[in-house]
Amino acid sequence: MIDLHDRSWAWNNYLSQRALQQADNVRAQLQRNMERFEIDLVTTTDPKRLYQNVRQALVCGFFMQVAHKEGEKGSYVTVKDVQVVSLHPSCGLDTQPEWVIFNEFVLTTKPYIRTVSEVRPEW
């Protein structure tokens, strides 16, 4: 188990101790809410399924930050504002999926979306 108060562990692993503590606080809040509303706490040991569950949860909360691929040139159209954008070069995706959820909209020489993950429209 990781000690969230161990500054040297966070430093040695290139992580922010404060961000880890905030994430742990959010997790504890979610757990309390689930217990209060009698929602079962479930998990999975299958990493592929785990990441899919996380992305599905993100889509539920950030459904207005979804973009759909448009045409063959790699352009995307945002669902909320119907704005043509491109994937930022630092987004980290190897492919150009049909649907993505994004965290940041960046306007430089042209509009980009950054911090993206592939999603499925049925989610």
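Let's start at Thr-78, which sits in strand E2, residues 75-78. Strands here are DSSP runs of E with at least two residues, helices are runs of H or I with at least four, and both are numbered from the N terminus. The model is predicted, so local features need pLDDT of at least 70 and side-chain atom pairs count only at pLDDT 80 or more, while totals for chains, interfaces and linings use all residues. Residues are numbered from 1 along each chain as its sequence is written, and side-chain values use heavy atoms, with hydrogens and water left out.

Is Thr-78 buried or exposed? Buried, at 6% relative accessible area. The cut-offs: buried is under 20%, exposed is over 50%, partly exposed is in between, with a 1.4 Å probe and protein chains only. Now its contacts, meaning heavy atoms within 4.5 Å. Setting aside residues up to four places away in sequence, Thr-78 touches Val-66, Ala-67, Gln-83, Val-85 and Phe-102.

Follow Val-85. Beyond its neighbours within four places in sequence, Val-85 contacts Ser-75, Tyr-76, Thr-78, Phe-105, Pro-111 and Ile-113. Val-85 also belongs to the largest nonpolar core. That core has 9 residues: Ala-67, Tyr-76, Val-85, Leu-87, Cys-91, Val-100, Phe-102, Ile-113 and Val-116. A nonpolar core here is a set of buried Ala, Val, Leu, Ile, Met, Phe, Trp, Tyr and Cys residues joined through side-chain atoms within 4.5 Å. In soluble globular proteins, nonpolar side chains tend to be buried together.

Ala-10 is buried, at 3% relative accessibility. Leaving out residues up to four places away in sequence, it touches Leu-15, Gln-17 and Leu-20. Ala-10 and Lys-48 are 38 residues apart in sequence and 26 Å apart in space, C-alpha to C-alpha.

Now the pockets. A 1 Å grid is laid over the protein atoms alone; a pocket is an open set of points where a 1.4 Å probe fits, with protein on both sides within 12 Å along at least five of seven lines, and lining residues have an atom within 4 Å of a point. Points are joined across faces, edges and corners, and volume is the space filled by probe spheres set on them.

The largest pocket holds about 530 Å³. Of its 15 lining residues, Arg-27, Leu-30, Met-34, Leu-41 and Val-42 are closest to the centre. Helices H2 (17-36) and H3 (47-61) are the elements giving two or more residues. H2 has the largest share, with 6. By class, the lining has 9 nonpolar, 4 polar and 2 charged residues. Nonpolar means Ala, Val, Leu, Ile, Met, Phe, Trp, Tyr, Cys and Pro; charged means Asp, Glu, Lys and Arg; the others, Gly among them, are polar.

The second largest pocket is about 160 Å³. Its lining includes Leu-58, Phe-62, Phe-102 and Val-116. Strands E4 (99-107) and E5 (111-118) each give two or more residues. How many charged residues line this pocket? None; the lining has 5 nonpolar and 4 polar.

Last, the whole chain. There are 3 helices and 5 strands, in the order α-α-α-β-β-β-β-β from the N terminus. Buried residues make up 22% of the 123. The C-alpha trace spans about 45 × 35 × 25 Å along its principal axes.
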